[in-house]
Amino acid sequence: MPTGCYGITLDGLPGAAGLLRPTAPGDPVLHVAQRRGQEEPTHPGISDDRAAYPMANGAGTVLLDRAAGSLAYVTGAPLPDRHVVHPHLALPASVVARWSGRDALHAGAFEVDGGAWGVLGPRDSGKSSLLAQLHLLGVPVLSDDVVVVADGQVLPGPGLVDLRRGAAGHFGVGEALGVVGRRERWRVEVPPATAAPLRGWLLPAWGTAGLQRVPPTARLPVLMTNVALRLPPPDPARFFELAGVPVLQWSRPRDWAQLEQGTRRLLESLPAA
């Protein structure tokens, strides 16, 4: 059975098999390879058939070829497959989503009552700590960092949540990976998940506990702020449909001791939304 994540069948990552999910026969296929060396992109950027860009912290170069279905990491030192799948696959997956007529946002996602909720927000808004808390409460986590939507369905990402030091210490979980990409990571593996229809978007914020609807006129700007690629949507009308579901701002105190209770209250409130 073919496996991958973000709606992409991945070939060449045997060391990450436990993090991958079954994919559909019609999903795009990427053959992933690594090679040693130093190689500057000849034409850096993203086009309709190729992408090339430097990796974070000067770790190497990523080369993506649409026609060949190839993804190459050119680095000075080998990358463990589990590190390739996350975080180094996030941007290539977003490019492939664009090429495949799908939308990709910088977000996490979880499933409640058979529907998917995307979790949007800036880096310090607590997205991953919320997803980890949901996982510990038995809620399926679909994705940690990138949400790909195809025909109204949120496609599952790799089966993991990467935490920062404070969250890992609070929960007492996570495998220390050291610095991978731009930051230290403590990895929590999560059970398999399947695609689920998009039901809404959640915006975590710090403050007095509460759940508020974002007005329809403000929904599209919120989504545009969180697109995975800083490019115009390939299909503006389709992207506009992503704002047709509820967008809720979920505020809670910046207090670890209240996270579990606040998350339980959130889960009780979402069906009514």
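This is a short tour of the chain in your viewer, from the whole fold down to one pair of residues.

The model is predicted, so to speak of local features a pLDDT of at least 70 is needed, side-chain atom pairs count only at pLDDT 80 or more, and totals for chains, interfaces and linings use all residues. Residues are numbered from 1 along each chain as its sequence is written, and side-chain values use heavy atoms, with hydrogens and water left out.

**Select the whole chain.** Colour by secondary structure and you will find seven helices and 20 strands (DSSP runs numbered from the N terminus: helices are H or I, at least four residues, and strands are E, at least two). The radius of gyration, taken over C-alpha atoms, is 18 Å, close to the 19 Å from the globule rule for 273 residues, so the chain is as compact as a globular protein of that length. That rule is 2.2 Å times the number of residues to the power 0.38. The C-alpha trace spans about 50 × 45 × 35 Å along its principal axes.

**Now pick out the sheet.** Eight strands make an open, mixed sheet in the order β3-β1-β2-β4-β8-β7-β6-β5; two strands pair if DSSP finds at least two bridges between them. Select 21-22 (β3) and 45-46 (β5): these are the edges, each with a single partner strand, so one side of each has no neighbour in the sheet.

**Zoom in on β4 and β8.** Select residues 29-36 and 70-75, which pair in the parallel sense over six bridges. Finish at Arg-36, which stands opposite Thr-75 in β8.
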